Structure formats: structure tokens, C-alpha cells
Amino acid sequence: MTDTLLPNGIKEGGGDGTYFRKGCNPFAQTGRSKLQNQRATLNQQIIKQMRMRAGAENLLKATSNNKVKEMVLLELSYVNSNLQLLMGELEGLNSSVEVYQNTQETTNIPLIALGLKETKDIDFSTLFKDFILEHYSEDGNSFEDEIADLMDLRQACRTPSRDEAGVELLAKYSSHLPLMENRFFSPNRQTGIFFTWYDSFTGVPVCQQNLSLEKASILFNMAALYSQIGTRSNRQTIAGLEEAISAFQKSAGILNHLKETFTHTPSYDMSPAMLSMLIRMTLAQAQECLFEKTALPGIRNQFHCLMKMAQEAAKVSEIYDLVHQSMIQTPIKDNVPFFWSTTTQVKTNHYRSMAHFFVASALLDHQLGLSDDEDQQEKTLSQVYDRLPEGRSPLDILKRRDERERIGKAHIRRAITGHEEALRIYSLCHHLNKLEVLEDILRASLQRSLNKCSENEDEEEFTDYTEAPDIISKTEHKAEMEVPATTKGPLSVFSARQRWTAPRTIKLPEDRDLGFTLKGESPVQVVSLDRLCSAAADGLKEGDYIVAVGDIDCKWMSVSDVMRLLKDVNEEGIDIQVVSIMDSNPPMPTKSATFCGNLPKTYSMICLAYDDDDKNPKSRKVTKKSSFLNFALKNRLKSASTLSLPTADHSGSLPWNKPCPSFPSSSSYNNDSALY
């Protein structure tokens with residue numbers, strides 16, 4: 001991983017034209033990499049403090065000496081205060097949204113991006129090779145390069161690039177996890193491999209021996225990466241806004257898929273309540289980008305256009321209000337960064353005030369004239385309000401100048417109040433105070449409303465306390481989740497769930513009547529065996545699977561291909577190798593061996609003591625032989641989805657360089673007299 005890396009993961013030079021996938025250089029001094037390095041360091045510090053706390057609590061339970069108890073309690077208070085400080089620093093990292101924004105943007109409200117979950121290195125080599133020898137009766141050392149490739153792929157997933165190539169890298173590893181689970185993770189035994197992932201909000205580690213946590217965490221990181229792609233898009237262009245909209249919708253779709261598929265993930269950041277909040281937040285940001293896309297060409301200073309934009313802004317405000325309400329609920333508010341909840345509250349007030357400003361502009365700047373369509377304006381105004389002040393109708397407001405001005409001024413007062421509230425909330429969060437762009441936008445919006453108020457102010461007029469009605473939210477382009485395509489499961493014949501005999505050699509004579517028939521696509525199975533034939537006498541059994549004919553491996557050959565090999569027999573006959581499924585004991589309940597730091601009583605030192613200093617896999621030369629891990633992919637290529645993300649790989653030497661199912665792709669205002 002210390003090689004010079006190109007953005008798309010292509011190794012420079014090399015006469016053989018070999019391509020391989022890697023993540024970003026973990027030593028690159030970019031803002032995002034520094035942030036992830038700080039996150040990893042904080043996670044290690046948090047786990048160290050939790051070790052100390054677990055030991056102190058155990059000592060407190062074991063001792064009866066009062067003096068020792070006092071010392072332990074003092075140590076516990078010190079450790080708990082350190083934990084609070086470390087989690088505060090982690091909250092600060094989650095609040096550092098400026099590193100994810102587009103560097104060219106100076107006039108857009110910043111968006112929130114999810115941070116990537118951190119994990120430990122894992123060495124699959126020894127355990128997988130032993131399992132291959134024991135379970136499949138093959139030499140595990142012959143698959144050393146393929147296992148190394150898998151480890152390198154997992155390592156690369158820790159530092160994916162912030163683009164489609166990075167998402168494809170995670171999707172590629174995600175598509176390998178069901179194959180790996182089917183090959184090596186039996187429900188009747190534990191592999192001894194511990195998958196450790198850190199909570200992205202609290203830094204608390206969670207450790208499991210099955211692949212559920214690994215699958216869920218990779219999906220979470222895919223959603224997080226899409227949110228980072230959305231925040232870095234250039235929102236000053238239509239193309240950039242469309243990219244941001246698509247990225248946030250994909251992020252919401254993956255989070256929803258994660259919520260529906262992995263319902264009992266022990267990590268708090270992937271709990272149903274937290275995922276529901278994150279889905280709402282990403283969709284709210286997609287809706288905000290849709291509003292900016294509508295406003296980017298300029299808002300025409302016309303009654304109908306202003307009313308339309310008012311309802312669009314009200315929709316954004318409504319969605320952010322729902323996000324804020326979900327963030328302040330009891331199970332979520334303790335771990336969601338204060339910066340996030342404050343930002344959603346600021347945007348709720350900002351866009352609601354913007355909606356009132358647009359309605360005020362439509363009423364104050366546009367009087368009903370002879371050439372105007374009275375029925376159309378009446379219909380538009382009636383759709384904006386769910387209720388009107390008592391004794392007033394839409395037509396009365398449109399025709400009577402005094403009523404029109406009274407309601408318009410009421411709206412501008414609500415706009416000013418809302419902008420002032422947004423600035424007040426902004427000042428409460430010190431992380432928000434670092435975002436000068438946001439403050440400039442809020443102050444400019446307030447000043448615009450104040451100017452509109454002063455333009456229509458009459459000194460001789462008495463103070464009017466008419467309250468502006470609420471605006472009905474409405475949008476023509478609603479943000480929707482882009483649901484990821486479901487992948488077809490791997491073939492289940494050669495898997496860790498089955499118990500197999502060692503391969504047996506059967507001698508077949510040169511005889512057109514073999515004494516049995518074959519069925520199945522791949523692998524081929526022996527049926528209708530004649531018990532009196534020579535093959536049966538040599539040990540062939542009904543239901544055996546043929547895995548080799550002569551020196552040719554035929555695990556994934558069809559019946560016609562195997563029959564062609566069996567017919568091509570000389571006078572000496574031919575040897576075939578077969579395996580049989582052994583009777584399995586009733587499956588034991590799978591123990592996931594979950595060790596979660598959120599629960600001190602169940603937290604295990606196995607998770608804490610699992611050292612990863614010597615688990616750094618070294619890059620190995622890739623061979624072109626058929627991979628053991630690739631058994632289930634060979635017959636899936638024709639049925640696999642052709643929807644895949646762009647790839648920079650041009651070599652077929654790697655086991656994962658094959659088509660695999662993936663996830664489908666789915667401001668400022670102009671001051672010209674004709675535009676807002």
C-alpha cells in the first residue's frame with residue numbers, strides 16, 4: 001500500500017500491463033485522509049480507556065478493601081472523564097464538514113457528509129488454507145495468492161477514493177462476502193476470525209465472528225462515500241447538482257437496504273433508529289439540491305414563479321424539520337453531533353423564511369392588472385394557503401390593494417423573524433461558527449428581507465399585527481431513494497454448509513454403458529446407478545458428485561461436457577474422482593460472539609486484545625490460475641446484472657475482475673430586473 005497510487009487505483013509502469021485495485025494512499029496529506037487518520041487514532045484511544053474502565057470495574061467487584069475501592073472509584077472517574085473528552089473530539093471530527101465541501105463553492109450552504117467506519121486488519125491466510133485442506137481436501141497453499149488478493153482488496157476498502165471508482169471498490173468486496181461466507185463460514189463451527197468495526201459516532205468497537213457485521217459495515221461505508229461524493233459536487237452547475245442529487249439518493253437507498261436487511265446489527269450507528277434518521281437527512285439534502293437546481297438559472301420575477309418557489313422552499317424546510325425532530329429523540333440525541341442538529345434547525349428556519357419572502361414579493365410587487373389571468377392567480381394563491389385570515393378569500397386579497405399589502409407585509413415580517421432565529425441558532429454552535437459561508441448567506445438573506453420591508457414601509461400607517469398564514473409545502477421533483485439492485489446468491493453445492501468426503505478415485509472401463517446416468521448443470525451428479533456395474537463395485541454411490549475426469553477438473557462443467565470427456569476413453573479406461581455429501585448433525589445455533597463496548601457487562605477483552613500490528617498483508621504477485629474463490633462466479637456471469645459501475649481494471653487475472661452486480665445509477669439569485 002506504499003506504492004505511488006493513481007486516482008483510479010492503477011499502478012504506473014510495468015511492462016505486463018497489470019492492473020489492480022487499491023484505495024487512496026493512506027499517507028496522503030489530504031484533508032479527508034487526515035480526518036480519517038485522526039478518527040483511527042481516537043478509536044484506539046477510546047478502546048484503551050475502555051480497557052482500563054473494564055479492568056477497574058472488575059477490580060471494584062472483586063475487592064472488599066475499602067481503601068482499594070476508593071482508589072478504584074477515583075480511577076474510574078478519571079477514565080470516564082477521559083472518555084467524555086475523547087468522544088467530544090470524535091464529535092468534532094463528525095462536525096468537520098468543511099473538508100468534504102467542493103473547494104470552488106463560496107455561495108452554497110454546506111452539506112453534511114457521513115464519516116467512514118474504521119476497522120482492523122484481518123489475516124485470512126492460515127485459517128482459510130487450513131479450512132480448504134480439511135473441508136475440500138485440496139492443498140490450501142495453492143490458493144495463497146488468491147487469499148492474498150482478497151486481503152489486499154479488504155485493505156484497499158479502508159481508504160476508498162471519493163468517486164465512483166471508490167464505490168465500485170467497496171461494491172466489489174461486498175459482492176465477494178456472500179461467496180466467502182458460503183465457502184468458509186459453516187453454521188456448525190467457528191472460524192476463529194474476528195471482524196472488528198468501530199462505531200462512527202461513538203468510536204466504540206464491535207466484534208463478531210460471522211460476516212453479518214462485515215457486510216453491514218461495508219454497506220454503511222458505501223452510503224457514507226456516496227454522501228461525501230454529494231457534498232463535494234460543484235453545486236454552481238446543473239451537472240454538479242445532478243451528481244449531488246443522485247449521490248444523496250443512492251446513499252439513502254443503501255442505508256434503507258441496510259436497515260431492512262440487517263435488523264440486529266450491534267453497532268449503534270447502524271441501529272434502526274439511527275439509520276432512519278440518516279435516511280431522512282440524506283433525502284433532505286437531496287431535496288435541498290433539487291431546490292438549488294430549480295433556482296440556479298434564476299427565478300423569474302412573476303407571480304406564478306414566485307409562488308412556486310415559495311412552496312418548493314417550504315418543502316425543504318418541512319423535510320429538515322422532520323430530520324431535526326428525529327435527531328432530538330431520546331435514543332439518538334445522545335450520540336448525534338450537536339453540529340448536525342443545529343444545522344438542520346438553521347436550515348429549517350432559513351428555508352421557511354425564504355418561502356415567506358417569495359410570497360411577500362409576489363403579493364407586494366405584482367398587483368392584479370387587466371391583462372393578468374385572474375382565475376389562474378386565484379387558483380395559485382388558494383393552493384399556497386391551507387387557511388386564510390378570517391373573513392378573507394383569495395380573490396379579495398388579489399383584488400384589494402390594501403389586503404394584498406397587509407398580507408404581503410405579514411409575510412415579510414415572518415421572513416425577518418425566521419432569518420433572525422436562524423442566525424441566533426447559528427451562534428449557539430461553535431462548530432457552525434467556523435463556517436463563514438453559512439453566516440454570510442444567512443446575513444444576506446436577512447438583509448434582503450429587511451430591504452423588502454423598508455421598501456413597502458409607510459410611516460403614517462398604524463402598526464398591523466396581521467399574522468401571515470402558513471405556506472403549504474409542495475414540490476414538482478421529490479427526492480426518492482435509489483434502491484440498490486439485489487444480487488443473486490452464490491451456488492450452494494460446494495459450500496461450508498455441506499460436509500464432504502475426501503475425493504475417491506473410481507476406475508471406469510471402456511464401455512459405452514457406464515451403468516449410471518448424470519444430471520444437474522454443475523456440478524454433475526450420479527443418478528440411476530446400476531449396482532452390478534463395475535463402477536459401483538469400485539465404490540461409486542448414488543448421488544455422488546463428479547469433480548474430476550482424468551486430470552481435468554469438472555466441478556463447473558455441464559452434463560454434456562462431462563459426457564464428452566467420459567466418451568473419449570481409450571482401451572485402458574479412465575479414472576474419475578467423486579465426492580459424497582456426509583450426513584450432518586442438526587445445526588447448532590450460530591454464536592455470533594458479539595463483543596460490544598456499549599455494554600460494559602458483555603464487553604470482552606478478546607476484542608480489545610486482538611492485536612493487529614502483525615496483520616499487515618504484503619502484496620503478492622498475482623497468478624493467472626483459476627481461483628478457488630471463483631467457483632461460484634463462473635456460472636453466474638451470464639445471469640449477472642450488466643449494471644455495473646465504471647472500472648479501471650483491464651486485466652482478468654484477479655479473481656474479482658469479472659462483471660458483478662452493483663448499484664444502479666439513477667444559490668445565488670440573479671439580480672437582473674427580470675429575475676430574482
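These legends walk you through several close-up views of a predicted model.

**View 1. Helix H3 has a buried side and a face turned away from it.** Start with H3, which runs through residues 125-136 and has 12 residues. From its first C-alpha to its last, H3 reaches 16 Å, close to the 16 Å expected at 1.5 Å a residue. Now look for the buried residues of H3: Ser125, Phe128, Lys129, Phe131, Ile132, His135 and Tyr136. They cover an arc of only 160 degrees around the axis, which means that they sit on the same side of H3. What do the buried residues of H3 pack against? Their partners are helix H4 (144-156) and helix H5 (164-184). On the face turned away from the buried side, you will find the exposed residues Leu133 and Glu134.

**View 2. Ser137 follows helix H3.** Ser137 is not a glycine, although its phi is positive, at about 55 degrees. Is Ser137 buried, exposed or partly exposed? With a relative accessible area of 30%, Ser137 is partly exposed.

**View 3. Helices H5 and H6 pack together.** Two packed helices are described by the angle between their axes and the distance between the axes. For H5 and H6 (residues 212-232), the angle is about 170 degrees and the axes are 10 Å apart. Angles over 145 degrees count as roughly antiparallel, so H5 is roughly antiparallel to H6. Take a moment to pick out the residues that meet here. From H5 they include Val167, Leu170, Tyr173 and Leu177, and from H6 they include Ile218, Met222, Leu225 and Ile229. Glu164 and Glu181 also take part on the H5 side, while Glu214 and Lys215 are among the residues on the H6 side.

**View 4. Helix H11 is mostly covered.** H11 spans residues 338-365, and its end C-alpha atoms are 40 Å apart. That agrees with the 40 Å that its 28 residues should span at 1.5 Å a residue. How many of the residues of H11 are buried? The count is 24 of 28.

**View 5. Phe516 is a buried loop residue.** Phe516 lies in the loop between strand S3 (504-508) and strand S4 (517-519). Its relative accessible area is 9%, so Phe516 counts as buried. Which residues does Phe516 touch, leaving aside those up to four places away in sequence? They are Leu508, Val526, Val527, Ser528, Leu529, Ala535 and Leu540. Follow Val526 in particular: Phe516 and Val526 are 10 residues apart in sequence, and their C-alpha atoms are 6.6 Å apart in space.

**View 6. Ser528 is an exposed loop residue with a positive phi.** Ser528, one of the residues that Phe516 touches, lies in the loop between strand S5 (524-527) and helix H16 (534-537). The phi of Ser528 is near 50 degrees, a positive value in a residue other than glycine. At 52% relative accessibility, Ser528 counts as exposed.

View 7. A disulfide is a covalent bond between the sulfur atoms of two cysteines. The structure holds 0 disulfides.

Terms used:
Residues numbered from 1 in each chain as written. Predicted model: local features only at pLDDT ≥ 70, side-chain atom pairs only at ≥ 80, totals over all residues. Heavy atoms only, no water. Helix = DSSP H or I, 4+ residues; strand = E, 2+ residues; numbered from the N terminus. Expected span 1.5 Å × (residues − 1). Buried < 20%, exposed > 50% of the residue type's maximum accessible area, 1.4 Å probe, protein only. Arc of directions from axis to C-beta. Contact = heavy atoms within 4.5 Å. Disulfide = S-S within 2.5 Å. Axes fitted to C-alpha atoms, helices over the stretch in contact; angles between N-to-C directions. Parallel < 35°, antiparallel > 145°, perpendicular 65-115°, else oblique.
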